[in-house]
Amino acid sequence: MKRLPIAAISFGFLILNLGLLRAQVETNTTTTEQKGMTDSVLLKPWTGPYGGVPPWDLVRSDELIDAFDAAIAQASEEIDAIATNPEPATFENTVVAMEKAGQTLDRLDAIFGVHSSNLNLGPIPDIERVVAPKLSAHSDSIYQNSALFERLKAIYESDEKKSMTVAQVRLIDDLYKTFVRRGAQLNASDKARLTRINADLSRLFTDFSQNVLEDEKRFVTWVEQESDLAGLPESVVASMKRAAEERGKPDQWAVTNTRSSMDPFLTYSTNRPLREQVWRTYYNRCDNGDEHDNNGIITEILALRRERAKLLGYPTHAHWRLEPTMAKTPEATFALMNQVWPKAVARVAEEVADMQKIADAEASGPAEKITIQPWDYRFYAEKVRKAKYDLDLGEVKPYLQLEKLREGMFWVAGELFGFQFTPAKDVPVFHPDVRVWEVTGRDGQHVGLWYFDPYARAGKRSGAWMTAYRVQQDMGDAKTPIVSNNSNFIPGGQDETVLISWDDAVTLFHEFGHALHGLCSDVNYPSQAGTSVARDYVEFPSQLLEHWLDTPEVLQKYCLHFETGEPLPQSLIDKIKKASTFNQGFATVEYLASAIVDMKLHTSDRERIDPDAFETETLKEIGMPDELPMRHRTPHFAHIFSSDSYSAGYYSYLWADALTADAAEAFEKAGSYYDPELCKSLNENVFSVGDTIDPADGFRRFRGRDVDTSALMRKRGF
């Protein structure tokens with residue numbers, strides 16, 4: 001059995017797989033027959049090549065709820081068999097048996113997770129509202145199983161540990177402590193209350209997520225006059241036209257309510273009132289006082305989390321969440337955030353002053369003078385970039401072809417890990433946009449599959465993320481990983497090259513880093529595979545991979561002009577390097593404000609919290625600049641309110657970036673990001689080991705010492 005797994009990780013957004021179990025056991029036909037689901041493909045082992053693949057083309061949504069009932073019942077029987085085993089508890093008959101339990105449920109949940117994240121249309125929202133509490137109750141039934149816990153405790157305290165491997169000791173220790181943290185030692189009445197809390201939270205998480213999806217779908221900024229498109233690049237105008245056509249208004253242009261649509265509009269549009277409208281529409285998602293307002297839901301989530309933490313013996317939800325992380329305590333996270341915050345705010349003041357000078361110079365008279373507002377920041381930052389560094393990212397974009405960058409990522413994976421990618425034609429997909437590649441190693445052996453779902457569409461969550469449909473494992477019947485990367489790029493028209501921004505290219509490499517983390521996995525037990533590591537460590541491999549985008553090899557081979565095929569000029573490369581720390585004030589403060597608010601929400605001792613008021617109060621208290629917002633305002637902060645996943649954990653991007661900055665300096669000192677010895681060490685100590693060792697030990701083995709956090713300040717130009 002796997003602790004609540006990271007099955008989907010995102011730079012801008014994370015989707016937590018609802019699955020609770022990994023397995024390799026036979027299907028219990030009695031259970032499925034009782035549910036009348038014997039013939040459902042949802043309950044059968046995956047067939048086809050590569051050890052079996054998800055049967056996306058055969059999924060019927062009307063079978064999902066009954067299938068979950070059957071799969072949960074089967075998984076429960078398997079767990080009960082382990083708990084009531086008359087033989088004395090051993091690592092093999094208890095821990096390994098749990099690792100092998102629940103295969104049917106795990107497969108089903110992987111399929112449903114894609115429908116709730118990538119295909120959330122029609123009946124799926126209502127199905128999710130039914131299924132989520134069932135999975136929550138099933139999870140609690142495992143963690144609160146007294147007989148099962150006693151078997152784990154016996155192993156945890158036994159001499160058997162002396163003969164175990166490091167990975168096995170780590171697995172039993174983690175499993176035992178997770179059971180304790182999930183209520184295994186509570187009395188019967190407290191267990192019942194905990195189950196009720198978790199069920200209520202699962203319902204609220206689903207409602208929160210569906211509200212965000214709805215506000216992203218229903219709010220569109222319409223541009224009716226062509227003159228209002230002034231300043232926008234042709235590619236942005238074309239994507240707005242296509243978005244309008246898809247929504248039945250071919251004579252207009254549409255700015256959809258997603259970051260991929262909002263960001264370029266705010267960067268380039270010269271129409272300030274329209275910029276403000278787009279900005280307010282985006283940042284006010286789920287904060288409009290209507291049926292999709294999330295403030296009431298957040299109040300309930302925070303109250304339930306607070307009650308649960310107290311019930312489990314923790315001061316706050318943050319203390320409960322942070323116990324198994326690298327940081328361990330809220331105090332440690334605040335120490336790092338407070339080290340960076342004042343420097344970032346000071347940099348914002350410098351950035352705003354530079355922008356204000358340009359705005360003042362452009363005003364033809366007092367009546368036209370403006371004060372920089374949040375909807376002006378991106379627009380004037382771009383002007384400052386041109387003035388200070390002679391760098392127009394609009395000139396770079398024609399060299400950033402999505403498909404060429406994908407080829408560049410494949411090449412990097414080959415150089416670092418010996419991977420080769422070959423299109424897999426015989427694999428079903430869940431949408432025509434999706435493509436699949438087989439990944440092989442240096443010896444030609446099959447490594448896994450990589451799915452790519454790059455484009456925005458109705459029913460797909462915003463942002464970008466990685467998902468594991470199947471994790472690597474080797475417990476006698478080896479399973480290879482199946483992973484995907486999911487983005488929200490604007491699709492091009494027929495025969496039109498899809499160009500993306502520099503920031504989007506960075507995100508593309510970031511998410512591919514998560515995928516490689518899953519593909520490189522070389523462990524025995526699924527609970528320790530791939531990205532199943534501490535929350536504040538999981539972003540380290542992905543953030544590190546971003547650095548390969550601007551290596552000379554990638555820039556010269558894969559950043560090619562979409563019309564001429566010419567490589568990105570060295571003059572532009574030099575400007576990109578020179579401006580590498582430009583706008584770091586904005587980027588750091590935007591992110592860090594969200595991380596601080598998250599931690600303060602989850603360390604607060606207030607019984608009832610008004611989210612809007614708390615956000616305003618906290619931002620004022622920490623000195624948030626007026627000229628920019630949090631990256632994720634509280635009413636649509638999906639990282640922390642669509643699941644427990646990143647709750648009291650949004651700080652982790654900064655924590656991991658401290659590791660990233662230090663690791664990157666190792667490659668720079670070696671003179672190349674393709675240094676063979678360092679690449680080998682990176683694979684052996686970071687990418688392949690999963691959670692078989694303490695992450696601090698893995699980093700120490702790679703770097704030769706503990707992390708030097710001052711590298712983070714150097715990276716950000718502070």
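A cavity is a set of points on a 1 Å grid over the protein atoms alone where a 1.4 Å probe fits but cannot get out; grid points are joined across faces, edges and corners, and a volume is the space filled by probe spheres set on the points. Local features need pLDDT of at least 70 and side-chain atom pairs count only at pLDDT 80 or more, whereas totals for chains, interfaces and linings use all residues of this predicted model. Residues are numbered from 1 along each chain as its sequence is written, and side-chain values use heavy atoms, with hydrogens and water left out.

Select Leu302, Arg306, Leu601, Ser604 and Arg606, which lie nearest the centre of the largest cavity among its 14 lining residues (those with an atom within 4 Å of a point). This cavity contains about 100 Å³ of space. Its lining comprises 4 nonpolar, 5 polar and 5 charged residues (Ala, Val, Leu, Ile, Met, Phe, Trp, Tyr, Cys and Pro count as nonpolar, Asp, Glu, Lys and Arg as charged, and the others, Gly among them, as polar). Helix 12, residues 295-311, contributes the most to that lining, with 5 residues. Helices (H or I, at least four residues) and strands (E, at least two) are DSSP runs, numbered from the N terminus.

Next, select helix 3, residues 91-99, where 7 of 9 residues are buried (under 20% relative accessible area, with a 1.4 Å probe and protein chains only). Among them are Phe91, Val95 and Met98. The buried residues of helix 3 pack against helix 2 (64-83), helix 6 (146-156) and helix 7 (166-181), contact being heavy atoms within 4.5 Å.

Turn now to the aromatic rings, which form 41 pairs; rings of Phe, Tyr and Trp (its six-membered ring) pair if their centres lie within 6.5 Å, and planes under 30 degrees apart count as stacked, over 60 as edge-to-face and the rest as tilted. Phe149 and Tyr176 are stacked, at 5.3 Å centre to centre and 15 degrees between the planes. Phe149 belongs to helix 6 and Tyr176 to helix 7, so this pair ties together parts 27 residues apart in sequence. Phe149 is buried at 4% relative accessibility, as is Tyr176 at 10%.

Move to Phe410 and Phe421, whose ring centres are 4.0 Å apart with planes at 0 degrees, so the pair is stacked. Phe410 lies in helix 17 (residues 402-417) and Phe421 in strand 4 (residues 420-423). Ring pairs link both into a cluster with Trp437, Trp450, Phe452 and Phe512.

Terms used:
1 Å grid on protein atoms, 1.4 Å probe; cavity = no way out; pocket = protein on both sides within 12 Å on 5 of 7 lines; lining within 4 Å. Buried < 20%, exposed > 50% of the residue type's maximum accessible area, 1.4 Å probe, protein only.
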